Amino acid sequence: MSAPGENLRINSARLWDSLMEMAKIGPGVAGGNNRQTLTDADAEGRALFQSWCEAAGLTMGVDKMGTMFMRREGTEPDALPVYIGSHLDTQPTGGKYDGVLGVLAGLETLRTMNDLGIRTKHPIVLTNWANEEGARFAPAMLASGVFAGVHTLDYAYGRKDLEGKTYGAELERIGWKGGEEVGARKMHAYFEYHIEQGPILEAEEKTIGVVTHCQGLWWLEFTLTGKEAHTGSTPMAMRVNAGLAMARIFEMVQEVTMAAQPNAVGGVGQVTFSPNSRNVLPGTVVFTVDIRTVDQEKLDAMRAAIETRAAAICAELGVGCAVEAVGHFDPVTFTPELVGRVRAAAEKLGYSHMDIVSGAGHDACWAAKVAPTTMIMCPCVDGLSHNEAEEISPDWAAAGADVLLHAVLETAEVVA
């Protein structure tokens with residue numbers, strides 16, 4: 001069979017219906033989703049996804065991290081499979097599309113192949129990676145990180161949420177601990193489709209983002225130790241104020257990041273005060289600095305500057321300062337051959353497109369350590385993500401899925 005023509009498209013309505021049906025599980029409070037990893041809602045979403053995949057004739061494997069692998073056979077079963085993947089877990093106040101679009105567009109790709117009787121030499125495996133978000137159990141992309149050999153299984157099982165519950169125990173509790181050794185699978189190639197999570201594609205009026213690189217990042221968790229004291233009766237000169245140290249570090253992170261321009265970002269999204277009382281100076285402050293850039297040398301220099309200057313700030317105030325790197329990956333360059341296939345598919349289908357760097361981390365960042373990998377992106381309204389107001393259009397969703405379909409078929413090798 002020759003390469004599929006430009007008239008081959010996925011079923012846009014079916015893809016959108018699937019997205020809306022999945023969004024009913026773990027509803028948020030403002031129109032989005034709260035389907036955090038290893039919660040009851042996560043288990044319910046997994047079961048729905050499993051039922052859809054089995055109805056499409058796919059066979060399921062689950063590894064010891066809880067990642068789901070749904071396989072469509074090829075004409076040569078021993079050929080290495082082409083993998084498509086993303087994640088179904090969400091942020092506590094997440095949207096309906098972050099991660100979910102990639103999984104369900106992958107399912108729609110396989111459903112479309114079934115509809116048209118398309119066979120491929122290579123098997124195709126659709127993947128729902130566990131704990132991509134890292135919102136409940138840091139770091140992000142935990143399961144794919146174990147798969148790629150970045151983390152050990154014991155490390156992952158021991159990660160705790162804010163209530164002290166461990167990943168391993170919660171995986172057992174929801175009934176999704178599989179028997180496969182993590183990372184035993186070998187990939188011919190890996191494709192991941194995702195919303196941009198940024199404003200560039202929409203601003204440039206481009207439908208398809210051809211992802212060439214992914215920014216590297218450090219998550220640096222600071223624990224500052226001061227002295228709890230009454231805010232009204234403790235003289236200013238006698239305070240050991242961890243909150244003040246935190247404020248100065250926040251400002252310093254901004255300065256370091258601005259000095260590293262262009263193409264560098266940094267900030268803080270989570271802070272915990274203890275005892276968190278309005279009239280008590282905090283004894284302990286915990287927060288995570290998130291820094292990212294596509295330049296390895298710049299990334300390392302930013303980390304060094306932030307840690308050095310934070311230590312000096314705390315020393316001046318008499319505040320204890322401990323830092324733990326709770327998340328990291330180096331900048332990633334995606335496989336040029338696969339990037340080229342995505343670009344060619346967009347051109348063949350007549351979709352406007354541009355090369356883009358992913359500002360967020362994805363499971364593809366770890367997959368790239370073990371297999372040829374690339375990503376496809378579609379716009380999202382106002383670049384908004386990790387927010388219940390996250391929104392895309394059905395046309396955007398379908399366009400990226402069409403490109404995914406064509407790039408995957410070329411890689412998996414359509415047979416007559």
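User: Leaving out residues up to four places away in sequence, which residues does Asp 98 touch?
Analyst: Asp 98 has contacts (heavy atoms within 4.5 Å) beyond its sequence neighbours. This is a predicted model: local features need pLDDT of at least 70, side-chain atom pairs count only at pLDDT 80 or more, and totals for chains, interfaces and linings use all residues. Residues are numbered from 1 along each chain as its sequence is written, and side-chain values use heavy atoms, without hydrogens and water. Asp 98 touches His 87, Asp 89, Glu 133, His 194, Ile 195, Gln 197, Ser 385, His 386 and Glu 390.

User: Is Asp 98 buried or exposed?
Analyst: Asp 98 sits in the loop between β3 and α3. Buried means under 20% relative accessible area, exposed over 50%, and partly exposed in between (1.4 Å probe, protein chains only). With a relative accessible area of 4%, Asp 98 is buried.

User: Which side chain makes a polar contact of 2.9 Å with that of Asp 98?
Analyst: A polar contact is a pair of N or O atoms within 3.5 Å; within protein, one must be able to donate a hydrogen and the other to accept it, and residues adjacent in sequence count only if both atoms are side-chain atoms. The side chains of Asp 98 and His 87 are joined by one of 3.3 Å. The one of 2.9 Å goes from Asp 98 to His 194.

User: Which residues does UniProt list for "binding site"?
Analyst: The entry is unreviewed. Its positions use the numbering here, feature names are shortened, and annotations may be inferred rather than shown by experiment. UniProt lists His 87, Asp 98 and His 194.

User: What is the relative accessibility of His 87?
Analyst: His 87 is in the loop between β3 (82-86) and α3 (100-116); helices (H or I, at least four residues) and strands (E, at least two) are DSSP runs, numbered from the N terminus. His 87 counts as buried, for its relative accessibility is 0%.

User: What angle lies between the planes of Phe 250 and Phe 287?
Analyst: The structure holds ten aromatic pairs. Rings of Phe, Tyr and Trp (its six-membered ring) pair if their centres lie within 6.5 Å; planes under 30 degrees apart are stacked, over 60 edge-to-face, the rest tilted. Phe 250 and Phe 287 are 5.2 Å apart centre to centre and edge-to-face, at 85 degrees.
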